[in-house]
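Colleague: I'm new to this one, could you walk me through parts of the fold?

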Amino acid sequence: MKKNRDRPAKRVKFSSSDTKIIKPGGGGGGKFFKEVSIEFKNQLTREIEDSMISLDQSDSDTGIMVVEIESQALAKSHRPDAVFDEECPFIGDIGINNITKQGKFLVRITNKGLYNIRHRIATSTAEYYEKALSTISKLKIFEVDFDAQKFSDNSAVIRLVDFKDEQYNDGKLKKYNSLVSQKNIKSKEIIEGCGVFHIESFDNDNMIMFINSLKKNNILLSVKAAQRVNFKPFHLGKTEMQLELPPADDDKSYPVVGVVDTSIKENCPNISSWYEGEVTSIIEEDRVYGHGTFVAGLISNSFNLNSYDENFPKSQSKVFSVGVLGKDGGTEHEIFDMLKRAQRNRPDIKVWNLSLGTSLPVELTQISDFAVMLDQFQKENDCICIIAAGNIEETADLRRWPPQAHEPINEQRISSPGDSVLGITVASIAQINGIVNKFEPSIFSRSGPVANYVLKPDVSHYGGNHLENGKMLSSLGITSLGISNGTQCSYSQDCGTSFATPLVSTITANLWEHMGVDTPRSTIKGLLSHSARLRQEVPKNEKIYYGWGMPFDVNNYMYCNENEITIILEGEIGSNTEVVGKLPFPMPDSLRTEDNKIKAEFFMTVSYDPPLDSNRAFEYCLVNIDAGLGKVNPNGSFNGMVPAEGTGYEQDLVNGKYKWSPIKIYHKKYPNGVDAENWKLQVKMLTRHGFNPDDDFVQPFSIILTIRALEDDAQVYNEMVTLMNQYNWEVSNANIEIEPKIQL
């Protein structure tokens, strides 16, 4: 059936009548996780005394201690607050032990606080206190992982401890600035308000002394060598072609995508009408153009460049060049500085394409610094970064499909900043049969998981394939615009996640243009994933390669068939509210059987941008939103009838039920019908331990719901529109009509 522009997807606003005040739940309750013996108490006492000695030997009366929590006790209701109180509170975490699966939490300590804890452990026999002790595996002083031999360069990225207290943090910064001055260190904060700095010294030994001083003062959380970011595609293969591309239509309004990359060759005949300008700090002799120009061609003309293949987006966008990568690449902080400068120049740009990344896989213990930078940037500027998943190095063991059990998954993991929680990370799939078949993951495309059990990649798109030619690989690339002999414009073919990414960028930019710039980011991102899920079902264990799959182009999900409707519901939830939204939830008569059951298929996506805490590792996301569509029982209880689909990742050990991922998809098909009387849409929020928002805190969210009949001729769309009007829902069309530009 053909999508009809007379059947646009619908947007619905939640109203105050859709919410009710609820009392926060009491959690799982206390219980024993192991025997609290005299020997165990003596062990904890010795570990506390070791920490007291270490604190005495430091240059500060305040420090941090690591509390390892038993793997079964990671839910926030089990956190041992009875042991660690206001004097020594929890302030963050540094991940999960990959072997024991125990959580490693940080506690701010003083000698007075440790003395009191030691005394209570030795004297208290209260059951509630011993239950709290049973959650603890061991205690140890925090040690910064720092190998001076790895820092041959005289620059690094450091993160200071966030003590979760204004007085302690003020003292930390004073001490830091004093040491910077004493050691003649060049320091620049690269994540504002998060205590992350890029440091340089003209003397590498001096820099190492500076880092050791930070350790001695107990204010250093981590130190890493500054990573360079590259743009090298997996397998470069040029093919000269002759194509004629239509220029941008002067009478049409196009969105603009910021291309954070090498420079773009603006005087290429097929680029000039799509080019919106540039910011760069790269001197002329260090500038390169090929990669950025290739990306720009796909943003503006991928469908025309690739033989009018219907799977390439027809969406077209103009490009604004953010020249951050010279012939030797660039560093994370240089790229981030230039991105912020570009945003100040073009605050109207909502989508930024980052077809770049480091060469190393991200860690599973925490979100990378570069990703944290981009998360902050997206929140502050109400924009979305579309990021390449990264390419496996040519020298690595290449992945076939299906993957083999012996393949080194850790080496193939997504590279930074592809672990950005608020960004959209794009993997590559083949557009033609070769080593892998069409639509299968490209052999070079990096995969999940990343920290926090967040599904990465989010989506996938065409990025190329290869053929084996003896011991050599021949490229089966996608086509775009390239540079020959350093400066000449040409048509080229190439492979890489770098080139899947701009296809998603132009879809995203056009989607935002169609819906209006005031549309929440959560709606835009949710629609991308929802579209991919409507297109195909990715098996649970393959989502680490595909994400939710390959999204449609805009018109394929902004409009509906007659036997379906897509409803976009936008609202917000407070810390003490439950969105009961839309009770009872209407169901079209054309879905009903003779015995009044509903035969239909339901797709539901929940999307939100949670508050984040960069001082936490696996608790980086502070809020979880869970939604349910289902039945209200006579006793008032609720049964969700559209279950969540798994991500293929290990269950979030902090809470066995929820995944703290800001995009979740639910799906259920009822070929034999289901009782759908007294259904409602329910939204609930859960917060992390230690995150206690004010009463006026609200978390915005978006829900995309598609209801589809199993018969093609069912009049679901028209009937549902009528029902929503009868229920007095606040309904509007999802798309806005874009007026032609008026020539002056």
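This is a predicted model: local features need pLDDT of at least 70, side-chain atom pairs count only at pLDDT 80 or more; totals for chains, interfaces and linings use all residues.

Colleague: Okay, what's the strand order in the open sheet of four strands?

Modeller: The order in this open sheet is β5-β6-β4-β7, and the strands pair in the antiparallel sense. From one strand to the next, the twist averages 25°.

Colleague: And which strands stand at the edges?

Modeller: Those are β5, residues 90–96, and β7, residues 136–141; each has a single partner strand, so one side of each lacks a neighbour in the sheet.

Colleague: How many bridges join β5 and β6?

Modeller: There are four bridges in the antiparallel pairing of β5 with β6, the strand formed by residues 103–109. If you want a place to look, Gly92 stands opposite Leu106 in β6.

Colleague: Which strands does helix α1 lie across?

Modeller: Helix α1, residues 38–56, lies across β4 (63–69), β6 and β7, and it runs at about 20° to β7.

Colleague: Switching topic, how do the axes of α7 and α8 cross?

Modeller: The axes of α7 (residues 332–345) and α8 (residues 369–381) cross at roughly 10° and come within 11 Å. An angle under 35 degrees counts as roughly parallel, and α7 and α8 are therefore roughly parallel to each other.

Colleague: Which residues meet there?

Modeller: From α7, Glu332, Ile335, Phe336, Leu339, Lys340 and Gln343 meet Phe370, Met373, Leu374, Phe377 and Asn381 of α8. By residue class, this contact of α7 with α8 divides into seven nonpolar, two polar and two charged residues.

Technical notes: Residues are numbered from 1 along each chain as its sequence is written. Side-chain values use heavy atoms; hydrogens and water are left out. Axes are lines fitted to C-alpha atoms, for helices over the stretch in contact, and angles run from 0 to 180 degrees between N-to-C directions. Helices (H or I, at least four residues) and strands (E, at least two) are DSSP runs, numbered from the N terminus. Angles under 35 degrees count as roughly parallel, over 145 as roughly antiparallel, 65 to 115 as roughly perpendicular and the rest as oblique. Contact means heavy atoms within 4.5 Å. Ala, Val, Leu, Ile, Met, Phe, Trp, Tyr, Cys and Pro count as nonpolar, Asp, Glu, Lys and Arg as charged, and the others, Gly among them, as polar. Two strands pair if DSSP finds at least two bridges between them.
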